[in-house]
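Trainee: Hi! Could you walk me through this one before I start working with it?

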Amino acid sequence: MSSAKILIVGAGPAGLSTSLFLSKAKIPHTVIDKAIFPRDKICGDALSGKVVHILNKYDKSLVEEIASDKNYIGSYGVSFFAPNGKRLDVPFSTNPSKLKQAPGFIATREVFDNFLFQKAHSPFADVRQNTSILNLRRSENQILVSYQTDNSIREELFDLVIGAEGDRSITAKALAPFEKNNDHYCAGLRVYYEGIENCHAENFIELHFIKDILPGYFWIFPMSGNRMNVGIGMLSSEVSARKVNLKKELEQIITTHPVISPRFKNAKAVTDVQGWGLPLGSAKRIISGDNFLLVGDAASLIDPFTGEGIGNALASGRLAAEVIEGAVKTNRFDAAFLSEYDKKIEASLGSEIRLSHTIQKLAKKEWLFNLVVNKAIKNTTLRETITCMFEDLDIRERLRKPSFYFKLLFNR
Ligand SMILES: Cc1cc2nc3c(=O)[nH]c(=O)nc-3n(C[C@H](O)[C@H](O)[C@H](O)COP(=O)(O)OP(=O)(O)OC[C@H]3O[C@@H](n4cnc5c(N)ncnc54)[C@H](O)[C@@H]3O)c2cc1C
């Protein structure tokens, strides 16, 4: 068994994924989180096909458990509402009749994160909650970490620290300082409602692209028990440039938008409106170095167009664990060795994040958004291509075929 001391800071999807895959590789490690589980996290709560894909890589029984748990609902697609009010329904699968389970799920983060948190307990993982990291500093070839647990402050040396504390990562701030850039950061608000009418029969998530908040969107995500996750997300640079009060914008949409407000006629908010930031993957930042790796939001990996971050948090945790396995075998925790993680992130998520960033920039143009939705409503090939973006995670093969462009041009 390895004697390397490995610490994961943060037990959200990124930290827990790292932990699960490390345990699978029989690598001992410690996980700390400042919260006591189950705990909430401000989020849209949508678990995409990528989440399902990574969980299946770990153990297929996890998704089976999720699919049979009443706290989750299965979602089969997404409804895009263009600024002109037109609606485009895109299923998450091109062949829904062949599906064994729903392609995506929705559940509160209290439920989902606690599910992973319980799974993380293993003979290889020392999982501690109510333990908050305070500071880190380099000490020769290790990192000296000070953390608080109950009322005592302790210090301990680690060979490797994985920063997984999300947007406000202390590990990232201490070891890879980075200035926040509002062009690559999104502000998000969330509130739970009950009683919203006319939701999709197959629990499609709804993204409403409304002129005043482009390239952001207003969302309604159905949940179990007649509950809905309602929210709004907008690029921080646009919030500042247009002096938008996001909370007022959210209220205004719910009370006055011609398509949305009638559906809220008999609905009631069951929580306060709460906000949190989304560090987007289009930002370029250092994600590894001597004795550390950053995963999930701490590494700024959220999809710039959809705002989806749980899938990339899980994916980055898995890739981090692969690199750590090699580091432990060779006893190499230096920046040169750990830069393998950067390469894996680029190979796995790079092109997808760049494509999403391009779409995000194009989505600022209201007319273009309307045009694409109008075209996709009539064009099966375009609709299927959008489905492939959710299903295959790689549409490059399709884009390479000349027949694709023929069908696109001739409305097939
Ligand atoms: C409004 C909003 C809506 C969103 N909607 C969606 C969506 O529908 N689908 C989707 O896929 N993504 C969505 N996201 C993004 C998603 O929430 C994040 O990408 C995801 O939570 C990242 O996971 P993580 O593990 O990196 O960080 P987190 O989930 O933030 O977890 C970090 C963990 O670190 C712990 N921690 C923090 N500081 C310390 C400390 N000092 N010491 C110890 N522990 C600490 C925290 O308690 C927490 O448990 C949304 C985000 C926002 C803000």
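This is a predicted model: local features need pLDDT of at least 70, side-chain atom pairs count only at pLDDT 80 or more; totals for chains, interfaces and linings use all residues.

Trainee: Is histidine 357 buried or exposed?

Mentor: Buried: its relative accessibility is 17%, and the cut-off for calling a residue buried is under 20%.

Trainee: And what does histidine 357 touch?

Mentor: If you skip residues up to four places away in sequence, histidine 357 touches His184, Ser282 and Pro304.

Trainee: Which residues is tyrosine 341 in contact with?

Mentor: Leaving aside neighbours within four places in sequence, the contacts of tyrosine 341 are Ile287, Ser288, Leu293, Leu294, Val295, Ser316, Leu319, Ala320 and Val323. For a distance to keep in your notes, tyrosine 341 and glycine 10 are 331 residues apart along the chain, and their C-alpha atoms are separated by 19 Å.

Trainee: Nice. Changing topic: what is the order of the strands in the open sheet of six?

Mentor: The order is 8-2-1-12-20-19, and the pairing is mixed. Strand 8 (125-128) and strand 19 are the edge strands, each pairing on one side only.

Trainee: How many bridges pair strand 2 with strand 8?

Mentor: Four, in the parallel sense, with strand 2 spanning residues 29-32. Within that pair, threonine 30 stands opposite aspartate 126 of strand 8.

Trainee: What about asparagine 291, where is its place?

Mentor: Asparagine 291 is in the loop between strand 19 (288-289) and strand 20 (292-294). It counts as buried, because its relative accessibility is 5%.

Trainee: So which residues does asparagine 291 contact?

Mentor: Setting aside neighbours within four places in sequence, asparagine 291 is in contact with Arg138, Asn141, Gln142, Ile143, Asp159, Leu160, Val161, Phe333 and Leu338. Asparagine 291 and glutamate 352, by contrast, are 61 residues apart in sequence and 28 Å apart in space, C-alpha to C-alpha.

Trainee: Ile143 was on that list. What is the bridge partner of isoleucine 143 in strand 11?

Mentor: Phenylalanine 158. Leucine 144, in turn, stands opposite leucine 157 in strand 11. Strand 10 (residues 142-149) and strand 11 run antiparallel and are joined by seven bridges.

Trainee: Which residue takes a positive phi in the hairpin of strand 10 and strand 11?

Mentor: Aspartate 150, with a phi near 50°. That hairpin has two residues between the strands.

Trainee: And in what order do the three strands of that open sheet come?

Mentor: They come in the order 9-10-11, with antiparallel pairing. Strand 9 (131-139) and strand 11 (152-158) are at the edges with a single partner strand each, so one side of each has no neighbour in the sheet. From one strand to the next, the twist averages 20°.

Trainee: Last topic, helix packing. At what angle do the axes of helix 2 and helix 8 cross?

Mentor: Roughly 25°, and the axes of helix 2 (residues 49-58) and helix 8 (residues 310-330) come within 8 Å. That makes the two helices roughly parallel, since angles under 35 degrees count that way. The crossing of helix 2 past helix 8 is left-handed.

Trainee: Which residues make the contact?

Mentor: From helix 2 there are Lys50, Val51, Ile54, Leu55 and Lys57, and from helix 8 there are Ile310, Gly311, Asn312, Leu314, Ala315 and Arg318. By class, this contact has six nonpolar, two polar and three charged residues.

Trainee: How does helix 1 cross helix 2?

Mentor: The axes of helix 1 (residues 13-24) and helix 2 come within 10 Å and cross at roughly 25°. That makes helix 1 roughly parallel to helix 2, and the crossing is left-handed. Leu20, Phe21 and Lys24 of helix 1 meet Ile54, Lys57 and Tyr58 of helix 2. Four of the residues in this contact are nonpolar, none are polar and two are charged.

Notes
Residues are numbered from 1 along each chain as its sequence is written. Side-chain values use heavy atoms; hydrogens and water are left out. Axes are lines fitted to C-alpha atoms, for helices over the stretch in contact, and angles run from 0 to 180 degrees between N-to-C directions. Angles under 35 degrees count as roughly parallel, over 145 as roughly antiparallel, 65 to 115 as roughly perpendicular and the rest as oblique. A crossing is left-handed if the near helix is turned anticlockwise from the far one by less than a right angle, and right-handed if clockwise. Contact means heavy atoms within 4.5 Å. Ala, Val, Leu, Ile, Met, Phe, Trp, Tyr, Cys and Pro count as nonpolar, Asp, Glu, Lys and Arg as charged, and the others, Gly among them, as polar. Two strands pair if DSSP finds at least two bridges between them. Buried means under 20% relative accessible area, exposed over 50%, partly exposed in between (1.4 Å probe, protein chains only).
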